[in-house]
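This report describes a protein chain for a reader who is new to structural analysis. Please look over the sequence and the structure before reading on.

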Amino acid sequence: MSAGEGTVGPVADPAGPVLVVDFGAQYAQLIARRVREAHVYSEIVPHTITAEEIRSRRPAGVIFSGGPKSVHVDGAPVIDAAVYDLGVPIFGICYGAQLIAQQLPGGVVANTGVGEYGRTDLNVVTEGVVFGGGQPKHQQVWMSHFDSIATAPDGFAVTATTAQVPVAAMEDVERRIHAVQFHPEVVHTPHGQAVLTHFLYDVCGCEPTWTMGSVIDHQVEVVRQQVGDARVICALSGGVDSAVAAALVHKAIGPQLTCVFVDTGLMREGEGDQVVETFQRHQGIELIHVRAADRYFERLAGVTDPEDKRKAIGELFIRIFEEVSGGIEDARFLVQGTLYPDVIESGTASAAKIKSHHNVGGLPEDMQFDLVEPLRLLFKDEVRKVGTELGLPDEIVWRQPFPGPGLGVRIIGEVTPDKVAILQRADLIVREEIRAAGLEREIWQAFAVLPDIRSVGVMGDERTYGYPIIIRAVTSEDAMTADFARLPYDLLERMSQRIIGEVEGVNRVAYDVTSKPPGTIEWE
């Protein structure tokens with residue numbers, strides 16, 4: 001059985017998924033998530049997909065995303081024109097709307113010299129289908145375009161306009177093709193979710209049956225069919241993804257699952273004990289706990305280059321994992337907490353055997369396990385909902401993303417036990433204060449960084465020469481882009497006072513106000 005087999009099938013209702021065609025928009029993932037928020041299953045597909053491939057998926061509907069290009073430039077992405085003859089409902093957004101106008105007879109897309117960017121007033125001239133349900137005739141939408149649809153294609157009715165655009169929305173009810181120039185998927189379009197929901201329910205005929213409960217039931221059945229009575233192992237990192245994947249697989253096959261938790265000594269304070277407590281005692285999962293901090297510190301002695309650190313941490317994990325998994329001779333499957341963004345970014349189908357994968361520290365290509373990836377079609381927020389549904393504690397489910405190499409890449413320069421202890425204490429204070437301020441679920445990540453410098457300070461009328469701590473806090477939808485969090489000054493002040501007062505060896509605190517891009521979320 002090849003890796004991932006049995007995990008790729010739809011987890012939608014029998015009507016089939018809604019396919020989001022990605023034309024290179026930054027919002028393609030957001031569109032797919034908004035569809036799922038309406039309890040309808042969606043998947044993202046490339047614009048190179050053929051009409052026949054779409055037909056074979058038997059989708060309930062197809063949504064064309066926006067895109068960064070003009071439909072008139074050379075090499076602009078297009079869709080197989082035969083898709084319009086499939087009889088499948090189509091909804092175009094921004095570039096997707098313009099593409100419909102360009103590809104269908106009678107439609108004209110023009111560069112008027114006037115674009116629309118940001119909040120724009122929309123006038124609904126006729127309710128049509130997607131503006132139903134009592135939506136206001138005048139509403140605010142979010143625009144981001146330079147070209148405009150000057151003339152709707154033959155058979156289309158114009159349903160909305162703006163001061164600058166004569167065709168801000170259009171529909172062909174008979175052919176079930178609808179399009180809007182604005183972005184209904186963003187929060188800056190207050191009635192955008194209603195627009196999408198009307199397309200999904202009233203045009204596509206979808207029903208709100210896709211829930212986390214249905215996802216769990218489906219994946220339990222998939223895992224049982226894939227695994228049979230074979231032995232399965234899971235490299236448990238302590239992060240959200242591997243934790244939820246392990247709990248879901250355990251629900252499916254019970255004692256056939258063995259988890260391996262390698263405690264590197266590079267985790268957040270108290271995290272190792274919490275993982276053991278949750279999975280061994282409360283979840284009843286067979287857990288092999290390997291305490292390997294001494295081996296990691298020995299391996300990292302003198303290593304300062306960030307890539308060398310990552311390789312050293314990953315390679316040692318491999319060696320330890322091999323030592324432990326070698327004792328489970330009949331194990332045929334390996335659980336990984338792969339998520340849908342990983343699948344999208346890879347752009348490939350599941351590989352036949354394990355290759356280097358961040359979820360488990362980079363396992364060697366010659367390890368002959370088939371993959372079990374029960375979360376590979378879910379976004380991060382959906383994984384958290386599944387974890388809650390499975391009964392995992394909030395401390396696990398709402399744990400912030402954590403790099404595979406752990407604190408090893410939040411310590412700039414050589415990693416030592418003393419530095420790890422300093423960073424663990426400072427990081428705990430940051431997370432405690434974020435939680436106390438009620439911001440834990442609004443912040444994507446908040447953590448401390450220990451740079452490889454010292455600075456002069458004055459504490460208790462004495463000169464000090466200690467480390468600075470840098471606080472990093474960001475907001476994000478999916479970590480592909482991120483903005484620094486605008487934390488209140490009084491919160492930053494409390495963090496600074498506590499860190500300097502409670503963490504020996506630290507005499508200065510700074511706050512990182514860099515977004516991604518140009519920076520990254522992590523420092524190394």
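Which residues does Phe-131 touch, not counting residues up to four places away in sequence? With contact taken as heavy atoms within 4.5 Å, Phe-131 touches Leu-122, Val-124, Thr-126, Gln-139, Thr-159, Ala-160, Ala-169, Phe-182 and Val-195.

## Basis of the report

This is a predicted model, in which local features need pLDDT of at least 70 and side-chain atom pairs count only at pLDDT 80 or more, while totals for chains, interfaces and linings use all residues. Residues are numbered from 1 along each chain as its sequence is written, and side-chain values use heavy atoms, with hydrogens and water left out.

## Nonpolar cores

A nonpolar core is a set of buried Ala, Val, Leu, Ile, Met, Phe, Trp, Tyr and Cys residues joined through side-chain atoms within 4.5 Å. Buried means under 20% relative accessible area, exposed means over 50%, and partly exposed lies in between (1.4 Å probe, protein chains only).

The largest nonpolar core has 79 residues, and Ile-63, Phe-91, Phe-131 and Leu-257 have the most contacts inside it. Helix H6 (residues 240-253) supplies the largest share of this core, ten residues. Apart from it lies another core of 49 residues, among them Leu-316, Leu-407, Ala-426 and Ala-448.

## An open parallel sheet

Helices (H or I, at least four residues) and strands (E, at least two) are DSSP runs, numbered from the N terminus. Two strands pair if DSSP finds at least two bridges between them. Five strands form an open sheet in the order S14-S13-S12-S15-S16, with parallel pairing. Strand S14 (286-291) and strand S16 (370-372) stand at the edges with a single partner strand each, so one side of each is left without a neighbour in the sheet.

Strand S12 (residues 231-235) and strand S15 (residues 331-335) run parallel and are joined by four bridges. Within this pair, Arg-231 stands opposite Ala-331 in S15. Helix H5 (residues 212-227) packs on the sheet and touches S12, S15 and S16. The direction of H5 makes about 165° with that of S16, where axes are lines fitted to C-alpha atoms, for helices over the stretch in contact, and angles run from 0 to 180 degrees between N-to-C directions.

## Helix H13

Helix H13 (residues 417-436) has 20 residues and should span 28 Å, since the expected span is 1.5 Å times one less than the number of residues. Its end C-alpha atoms are 28 Å apart, which agrees. The buried residues of H13 include Val-420, Leu-423, Ala-426 and Ile-434. Among the elements that cover the buried residues of H13 are helix H8 (293-300), strand S17 (445-449) and helix H14 (489-502).

Ser-496 lies in helix H14 and is partly exposed, with a relative accessible area of 21%. The C-alpha atoms of Ser-496 and Val-430 are separated by 9.0 Å, although these residues are 66 residues apart along the chain.

## Cysteines

The structure holds zero disulfides, a disulfide being a pair of cysteine sulfur atoms within 2.5 Å. Cys-206 counts as buried because its relative accessibility is 6%.

## Backbone features

A cis peptide bond joins Lys-516 and Pro-517, with omega about -15°. Another cis peptide bond joins Pro-517 and Pro-518, with omega about 15°.
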